[in-house]
Amino acid sequence: MPESPFLEEARSLVATVVVDDVSDADPEEDLRDWGLDSIRLVGLLADLRAEGVVIELEELAGEPTLQGLAGALERARP
Amino acid sequence: MTAGLEVVDRGSGTPVVLVHGVGGSAATSFASALPALARHHRVLAVDLPGSGPGAMPPEPAGGWTADRVADAIATAVRSRVDVPVLMLGHSLGASLAARTAVRHPGLASGVVLAAASLERDARSLLTTRLWRRLLEVDRTALGQYLVMTTSSPSWLNQLREQDLDDLAGLAADLVPDGTALQLDLAEQSDLAADLALLDVPVTVVLGDEDPLAHVDPWRRATARAGLESLVWSGGHDVLAHHPHELAALVRRLAAPTATDQITDPLRRIP
């Protein structure tokens, strides 16, 4: 089954900031196990904000997963 | 007999032992590089007493000291692997990695000291005191203080006010129960003395904007002792910003090929 466009976007965004290969990461897996530490997460959100996509850290800090990021992207897109 | 430390044991290959600093943990302090390291190595990341998800290990008779933690690290490593390991420590973890290697000859094939203070100076004394005080009176302020002292100014300046508050909040949430004990250990550390006793290759990694571990004392020490010294961009959190570089460094040091074993003087930054 193809991924939702937001999940696909979340995956490619995370792939740009972590050293691990997240192409196989389960949408519900904790991304901290894939190398997404707080520095990388905050940096990622800062980059998104520069493009007008505003996601607050607290939306993700509790659920740092691809699914969590996809949901946040869906909410943040105008 | 030493109490058992929790270890994050991941990957396979030549073993590398990671030791975090004050207020860190095996899982969080090396999070950005751990997946890359585990691709080529068996990574044994040790939780110092009072860090990580597990309960505080039982205190040895006489309490935890740097020597007893070093012995506990050696026990944790030896119970899992029986070949020499590359020991890599960050900050306090660097002092403990060096102490472990000194007290347990044959355990380490090499030591990497990252963002480590060579000597206890006035600033490190005041740093541990203020850290301890903030731990007692105000966790929010401690989070702000940690962000301010561990991140490089140039990285922080790219962030918005809200990001800074968020980061400080995360830092405050991550403060482990063992912080006070780990500050005690930091106050006991004497890396310069241990360094003089180490008889394995030592590599020093520093952040160019690290207010806690200055480049200058290391410049003199590494030139004198002929140690490899690398300066990467970043603050006290230098390793978190350079997962690729860290993985490449560990790969070179933990699995030296015949060519790599020949010392290249050009590699050494005086």
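This is a predicted model: local features need pLDDT of at least 70, side-chain atom pairs count only at pLDDT 80 or more; totals for chains, interfaces and linings use all residues.
**Exercise 1. The interface**

Describe how chain A and chain B meet: how many residues are in contact, and how much area is buried between them?

*Solution.* Start with the head count: chain A brings 17 residues into contact with 20 residues of chain B. Next, take the area, which comes to about 1,600 Å² buried between the two chains. Of that area, 62% lies on carbon and sulfur atoms. Finally, look at polar pairing: five residue pairs between chain A and chain B are in polar contact, both partners at pLDDT 80 or more.

**Exercise 2. Charges and elements**

Find the salt bridges across the interface, then work out which elements of chain A supply the side that touches chain B.

*Solution.* The rule finds three salt bridges between chain A and chain B. One salt bridge pairs Arg49(A) with Asp163(B), with 2.6 Å between the closest N and O atoms. Turning to elements, helix 2 (38-50) and helix 3 (57-61) of chain A each give two or more residues to this side. Helix 2 of chain A gives the most, with six residues. Sorted by class, the side of chain A that touches chain B holds eight charged, seven nonpolar and two polar residues.

**Exercise 3. The fold of chain B**

*Solution.* First, list the elements: chain B has 14 helices and seven strands. As for burial, 55% of the 270 residues in chain B are buried. Last, among contacts in chain B between residues at least 6 apart in sequence, 78% join residues at least 24 apart.

Conventions
Residues are numbered from 1 along each chain as its sequence is written. Chains are lettered from A and ligands numbered from 1 in the order in which they are written. Side-chain values use heavy atoms; hydrogens and water are left out. Contact means heavy atoms within 4.5 Å. Buried area is the accessible area (1.4 Å probe) that two parts lose on being put together, summed over both. A salt bridge is a side-chain nitrogen of Lys or Arg within 4 Å of a carboxyl oxygen of Asp or Glu. A polar contact is a pair of N or O atoms within 3.5 Å; within protein, one must be able to donate a hydrogen and the other to accept it, and residues adjacent in sequence count only if both atoms are side-chain atoms. Helices (H or I, at least four residues) and strands (E, at least two) are DSSP runs, numbered from the N terminus. Ala, Val, Leu, Ile, Met, Phe, Trp, Tyr, Cys and Pro count as nonpolar, Asp, Glu, Lys and Arg as charged, and the others, Gly among them, as polar. Buried means under 20% relative accessible area, exposed over 50%, partly exposed in between (1.4 Å probe, protein chains only).
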